[in-house]
Amino acid sequence: MKKIIVFATVLLISTSSIYSQKKKDLLDEIDQLRKELKATKAELNDSRKKEKATLTQVETMEMQVKDLKETNASLLSNMGNFTELSKKKAQNLESSLKSLQEKDRQLKAINDAISESDATKLETLKVLKNALGDQANTIALKNGSVLITLANTLLFGESDKSYAIDEKAKGVLGKIANALNSKPDLKIIVEGNSNALNIKDKSIADNWDLSAKQAAAVVRTLQNDFKIDPKRMEVLGKSEYGSQSIETATRIIIDAKFDQFYGLVKENMKNGTKS
């Protein structure tokens, strides 16, 4: 009986000891699991934080990508606008260049016409100088015109109130007429100048009248005696207000007709267009 009790006691102690050991092991395992759980939770929190940071970074990058796309689209649009603007500017520049070239061509045509007109005047001046020699007071170019100054004493004799052409003057007027007939496109203005005279002849109203009659007498002689077309000639009476000296004189002003000059300009411009 004692043996049984002792055995039971030993068995109980052993069982209790084993149980205690298992309990201890179990508690140790639970504690370890708790530690692992805590570590896992910490790792999970870190992962969540990293995930949140990553998501924030992704959102930021997506916004940057969106901004870049918008910027790129804007640049492409601006580039297109700039290209179109550059094209228009190039077209405007080309148009302006053509306009400048056209104006330059027109100016050249006018300059050529002026040069041709000036050459004609210089040639006329030379011809008249050769023809008249010292029989005219002066032959010169003035204000773009050939100007012949003839003393009234040469044209009308010694009387400064006369408006009848002296016979000796016809030789000079004939030489002038020959030169002018060789240049049918030149316009002729005969300008009479008289001093402030005390006129008693009732056929002469005043110095205006006298200077006009003297100029008309020259024109009439050039027309009737030397066959100069009267449509080329004009009469201008200056009275004493046109005289440049004490001695009275009649001036013959020779210039290109305006319509002829215009036609010359037009023809040169037309030729410039063809070339």
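Visitor: What is the overall layout of the protein?

Guide: The model is predicted. The protein has 5 helices and 5 strands. From the N terminus on, the order is α-β-β-α-α-β-α-β-β-α. Of its 275 residues, 25% count as buried.

Visitor: Why is the link between K170 and D225 called a salt bridge?

Guide: The cut-off is 4 Å between a side-chain nitrogen of Lys or Arg and a carboxyl oxygen of Asp or Glu. The closest N and O atoms of K170 and D225 are 3.2 Å apart. That value is within the 4 Å limit, so the pair counts as a salt bridge.

Visitor: Which parts of the chain does that pair link?

Guide: Distant ones. K170 is in helix α3, residues 169–181. D225 is in the loop between α4 and β4. The two are 55 residues apart. E167 also belongs here: E167, K170 and D225 are linked in a network of salt bridges.

Visitor: What makes K170 and D225 partly exposed?

Guide: Partly exposed runs between the buried limit of 20% and the exposed limit of 50%. K170 has 24% relative accessibility, so K170 counts as partly exposed. D225 has 36%, so D225 counts as partly exposed too.

Visitor: How do you know that K187 and E234 form a salt bridge?

Guide: Their closest N and O atoms are 3.3 Å apart. The limit is 4 Å, so K187 and E234 qualify. This pair also links distant parts of the chain. K187 is in strand β3 and E234 in strand β4, 47 residues apart. K187 is partly exposed at 25% relative accessible area. E234 is partly exposed at 39%.

Visitor: What about R251 and E191: how far apart are their closest N and O atoms?

Guide: They are 2.3 Å apart. R251 is in strand β5 and E191 in strand β3, 60 residues apart. Both R251 and E191 are buried.

Visitor: How many salt bridges does a search of the whole structure find?

Guide: The search finds 6. Side chains of opposite charge can pair when their charged atoms come close.

Visitor: How many aromatic pairs are there?

Guide: A search of the whole structure finds 0. One ring does have a charge over it: K213 lies over the face of Y163.

Visitor: What makes K213 count as lying over the face of Y163?

Guide: The distance part of the test asks for a charge within 6 Å of the ring centre. K213 is at 5.3 Å from the centre of the Y163 ring.

Visitor: How do you know that the length of α3 agrees with its number of residues?

Guide: At 1.5 Å a residue, its 13 residues should span 18 Å. The end C-alpha atoms of α3 are 18 Å apart, so the two values agree. The buried residues of α3 include V172, L173, I176 and A177.

Visitor: How does α4 compare with its expected span?

Guide: Helix α4 covers residues 207–224, which is 18 residues. It reaches 25 Å from first C-alpha to last, close to the 26 Å expected. Among its buried residues are L210, V218, V219 and L222.

Visitor: What makes D206 a cap for α4?

Guide: A side-chain oxygen of D206 lies 3.1 Å from the backbone nitrogen of W208. The limit for a polar contact is 3.5 Å, so the distance passes. This cap is at the N-terminal end of α4.

Visitor: Which residues have the most contacts inside the largest nonpolar core?

Guide: I148, L173, I176, V218 and I252 do. This core has 28 residues. α3 gives the most, with 7 residues. In soluble globular proteins, nonpolar side chains tend to be buried together.

Visitor: Why is K227 called exposed?

Guide: Exposed means over 50% relative accessible area. K227 has 65% relative accessibility, so K227 counts as exposed. K227 is found in the loop between α4 and β4. Its phi is positive, about 60 degrees, although K227 is not a glycine. Most residues other than glycine have a negative phi.

Visitor: Why is N195 partly exposed rather than buried?

Guide: Buried means under 20%. N195 has a relative accessible area of 21%, so N195 is partly exposed. N195 lies in the loop between β3 and α4. N195 and T248 are 53 residues apart in sequence and 6.1 Å apart in space, C-alpha to C-alpha.

Note on methods. Residues numbered from 1 in each chain as written. Predicted model: local features only at pLDDT ≥ 70, side-chain atom pairs only at ≥ 80, totals over all residues. Heavy atoms only, no water. Helix = DSSP H or I, 4+ residues; strand = E, 2+ residues; numbered from the N terminus. Expected span 1.5 Å × (residues − 1). Buried < 20%, exposed > 50% of the residue type's maximum accessible area, 1.4 Å probe, protein only. Polar contact = N/O pair within 3.5 Å; in protein donor to acceptor, adjacent residues only side chain to side chain. Phe/Tyr/Trp six-rings, centres within 6.5 Å; stacked < 30°, edge-to-face > 60°. Lys NZ or Arg CZ within 6 Å of the ring centre and 35° of its normal. Core = buried A, V, L, I, M, F, W, Y, C linked by side-chain atoms within 4.5 Å.
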